Amino acid sequence: MTLRTRMRRATVPAVLAAGALVVAGCSGAGGGGGTSDGGDGPVELTLATVNNPQMKDMEELKGEFEEAHPDITVNFVQMEENDLRDAVTKDIATGGGQYDIVTIGSYEVPIWAQNEWLTDLTEPLTSDAEYDVDDLFAPVKDVVSVDDSLYAVPFYGESSMLMYNKEILDEAGITLSDHPTWDEVADAAREVNSDDVTGICLRGKPGWGELFAPLTTVVQTFGGTWFDADWNAHVDDPEFNEAVQFYVDLVKDAGPADPVSTGFTECLNTMTQGKAAMWVDATVAAGMLEDPEASEVAGKMGYAHAPVKETEESGWLWSWNLAVPETTQNKDAAIEFVKWATSKEYHQLVGEELGWTRVPPGARQSTYEIPEYVEAAESFAPITQDIMLSVNPTQPGLYEQSWTGIQYVTIPEFQDLGNQVSQDLSDVFAGRSELGPVLERGQQLAQEAGDAQ
Amino acid sequence: MTAGRRSLAISRALLWPALIVAILLTQIPLVATLYYSFQEWNLLRPGQRGFVGFDNYAKVLSNGSFLSSLGNTVLVTGSAVVGATLLGLLFAVLLDRKFVGQSVARTLMITPFLVMPAAAALIWKWSILDFTYGMANWGLSLVGLPPVAWNTELPAATVIMVLIWQYTPFAMLILLAGLQSQPREVLEAAGVDGAGPFRTFTWITLPHLRQYVEITVLLATILLLQVFDPVAIMTNGTGGSKTLSYLLYERAFIGLEVGEAAAYGVMTVIVTIIVAMVALRTLFKVFSEEGLMNR
Amino acid sequence: MTTTTLGMPVTTTRKAPVRKPARWASRRVRGIALTVVTWIAVLAFFFPVVWMVFTAFKPESQAATLPPTFAPDLTLDRFQAVFDRGMLPYLINSASASLGSTLLVLALAIPAAYALSVRPVKNVRDPLFFLISTKFMPVAASIIPVYMLLQAVGGLDNITWLTILYVGVNLPIAVWMMRSFLAEVPREIIEAAQIDGAGLRTEIFRVVLPIVLPGIAAAGLICFIFAWNEFFLANLLTTQVARTTPPVLGSFVDGRGQFLSVLSAASTIAIVPVVIAGWVAQKQLVRGLAMGAIK
């Protein structure tokens, strides 16, 4: 017998084994159930979270919770934002059930809720008067609700705003109102832009959560949209084109020199070193700009609502939320912890134990009434609160939307769509491509995504 | 002939464990990929899973991503292999001479190949090619040149640069071994006959090196076809740096389209099989010429 | 120096050629110039590594500056910071996956290579062809099923399974290398042992293995390097418990403030084991890299 026929024979069982495993994988994906008994024994919770400072604070304080609940211990698994998204998505989508509590962005919540992956938290939260669910910022609560049911609780929230270096603008004799327009901001940026100072730092790094966070808000305030209410794509509309062209031109004239490698981090660094005059980005950045230990511009900053064109407001809305996967076997304990970590008492605890600037922002209105917090964050807390309450996630632009969300579209296909179009746009930033063809391809991709709805 | 048969049986017993492991670990996933490629399955739409025949393939073939990624792979791999081989040859010639600190120089030269690719990509991205603080732009400023926005203007080139940096030592080591295996008296005879160093190099050394160059190119190609780390870390697939590996990753884990990603995977496998056939023929020929196959 | 290229043993000596004094002097000047050029080129190539290590010893405030800081306050603080952020478990994971997979690979590859080179197996080409062809396949092509299958057996974020996958990745290379090394073992020695009535075990362990020990070291070193540096699988298939070093490095790029020296420190720690191993075992490295094609 030759080796070759032997090899062939051996592949048959291998293929069968493969088939068996595939079938096993499928059934696992569909089911993945909990045999929850809700027993009284000691419970160990696994919490997957993003490695933000606010989340690290939570880990530091979890002892308080465990003291009050001697039968529950909470283990933190911290990851980078993208790793977390990958790990948790893959785990839940394939029925893994590794985590009892997950930290997810506001983009994921409605999608996952519709897939029935998340526990409905409405009843346990509303039934507890002390928890005061109505204290949560309404727009933030809206984006994590589906049909008035809460599937996640915001741990902290953010919008976007214009942050500017008052010294640089004063020197150039420029003053900005609390509600500037994009045209004013662009003029100012071009005027103060020089070899040493970037006129305005704007993200150009590819990614739906990087470039397209600010850019989608620009598109919306210019009157454009990704989709209308009937899921027709509008990416090659003149408004979309005009907005992106405006953004690209502004970046080329007065923006960061290497836009494709510029994201939140890079802008923050440039800004804290006083090397940029303006920056439109997440409101949480203010806390870092005002930290005298890390920032050279602390106390020199001014803040305004995100610049607009056709709309009243143009801030985005994002929150990191705690949710309880349906697959957990410790639902009650998990909900208990989620409630604790998003309660008023927790905010007090952070303030008293770790310092008031470290209180999770943008989640609870009552936080903005705590005198110590208001004092510690006086330069940016009032405007943050003001913006958080004025943005409208159900209709941020001129179009009616059939989803809730501002700088993203809550369909599974969006992160892929946003990524691809933003990658193509990096060719436009570099002058390798024209905007027209890029948006035509974007329109095609978007329409495919729209057709899937 | 019983002894011969027994001996054959023993040989097979020695060979099989490795083959079985290789088959299990590489072929099962492949079969599963084939199976998934006929499914519509977005991980975020668990309710809509089903058999769709060749739909995924139609999608893959109709949008240009596959072909453009294939082109990018050829470009990135090709330039890196050519660049590394040429530079490797240069360094091999330089280091073949006896000079002060020869062995130290050789040790330093091989280091880039040993550096973890993820670390290399990160250091190049942040320490060398950063627009403001990078050493590359600082170096340019010393000679009066304007700074370059590497990541925006030349993404594919930055990936190729890092790959050349990592694989030049690889090429150098093989080519250096080739140089050192030259029969000296042939070189000396050439010298006595009055051939200058340049002539000796082109007439004697280069032909001798041919098979070493072939090995270098083939092995570097095998290793570089898979290139993923610098693309993922430095460019995220922008500006012509989206190689097949990165495309497959992106379809699967950002697109979350299991079926479509699997179809891309199958297409890639088909293309690689064709490439591998050609390359392997050559490879076997190279190794046969070495006399290893016939022993 | 003795080489066996083209199957012909050649003894070479480097003789200082006899030349006229004037020409000799000009040659000497040219030689010094060439040495200087060589050293400049080598140092330029080595620079990113030097710069990384240097930056790792800087305080964060002097790492990313314009112009670069050449006389910083040296500190070990950033290395401390790397370990404070929990680097050690990742290094241990890397070490166990690399060592474990390397040992397994050798255990499988040596017998297989033995069967393919020393013992008579008909049709050597098919299994060899199959093995090496798996190396051409982008791992990315079948990553989804690998992920799903691991999920089904509970093998995600599991260092044992990662080790097993690394066996699959490195096995073909090891078989190829070992086959070349074993083919160099003189046939007469093995035949003599067989005539003496030595069993298979004696034949392998007493006679053949000692001869190819350097080859085994070479194959092991290469497999270790590839496993230690592997990014793609580790990044996708591990999250926390079994995470290895390469995918962790990126997390030192931090959104809050400066990170260049802590990133450099982490990268330095990550590359040290392989760089040292490669420096120490340069000879093996050369043989291994060429997959045994160069003796």
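Helix 8 of chain C bends by about 65 degrees at C:Leu209, and the proline C:Pro210 follows within four residues. This helix covers residues 200–229 and so counts 30 residues, but the C-alpha atoms at its ends are only 36 Å apart, whereas a straight helix would reach 44 Å at 1.5 Å a residue. The description refers to a predicted model, for which the scores are ipTM 0.89 and pTM 0.87.

Chain C also contains a cis peptide bond, which joins C:Leu66 and C:Pro67 with an omega of about -5 degrees. C:Pro67 is found in the loop between helix 1 (21–56) and helix 2 (77–84) of chain C. A further backbone feature occurs in chain A, where A:Trp231 has a positive phi of about 65 degrees although it is not a glycine. A:Trp231 belongs to the loop that lies between helix 9 (212–221) and helix 10 (238–254) of chain A. As background to both features, most residues other than glycine have a negative phi, and most peptide bonds are trans.

Chain A contains an open sheet of five strands in the order 2-1-3-11-6, with mixed pairing. Strand 2 (72–79) and strand 6 (153–158) of chain A are the edge strands, each pairing on one side only. From one strand to the next, the twist averages 20 degrees. Strand 1 of chain A, residues 43–50, pairs with strand 2 of chain A in the parallel sense over eight bridges. Within strand 2 of chain A, A:Met79 stands opposite A:Val50.

Two helices that pack on this sheet may be described in turn. Helix 3 of chain A (residues 81–93) touches strand 1, strand 2 and strand 3 (101–105) of chain A, and its direction makes about 130 degrees with that of strand 1 of chain A. Helix 13 of chain A (residues 331–341) touches strand 1, strand 2, strand 3, strand 6 and strand 11 (318–323) of chain A; the direction of helix 13 makes about 50 degrees with that of strand 1 of chain A.

The contact between chain B and chain C takes 85 residues from chain B and 89 residues from chain C. On the side of chain B that touches chain C, helix 1 (residues 2–36) of chain B gives the most, with 18 residues. The residues on this side of chain B comprise 63 nonpolar, 16 polar and six charged.

Confidence was examined chain by chain. Chain A averages a pLDDT of 87, and 91% of the residues score at least 70. Over residues 1–39 of chain A, however, pLDDT stays under 50, and the model has 51 contacts for this stretch beyond four places in sequence. For chain B the mean pLDDT is 88, with 94% of its residues reaching 70 or more. Chain C averages a pLDDT of 84, and 87% of the residues score at least 70. In chain C, confidence is lowest in strand 1 (residues 2–3), at a mean of 40, and highest in helix 11 (residues 260–280), at 95. The pLDDT is below 50 over residues 1–15 of chain C, a stretch with 13 contacts in the model beyond near neighbours in sequence.

Definitions and conventions. Residues are numbered from 1 along each chain as its sequence is written. Chains are lettered from A and ligands numbered from 1 in the order in which they are written. This is a predicted model: local features need pLDDT of at least 70, side-chain atom pairs count only at pLDDT 80 or more; totals for chains, interfaces and linings use all residues. pLDDT is the predictor's confidence in each residue, from 0 to 100. Two residues are in contact if their C-beta atoms, placed from the backbone, lie within 7 Å. The bend at a residue is the angle between axes fitted to the seven residues ending there and the seven starting there. Ala, Val, Leu, Ile, Met, Phe, Trp, Tyr, Cys and Pro count as nonpolar, Asp, Glu, Lys and Arg as charged, and the others, Gly among them, as polar. Two strands pair if DSSP finds at least two bridges between them. Axes are lines fitted to C-alpha atoms, for helices over the stretch in contact, and angles run from 0 to 180 degrees between N-to-C directions.
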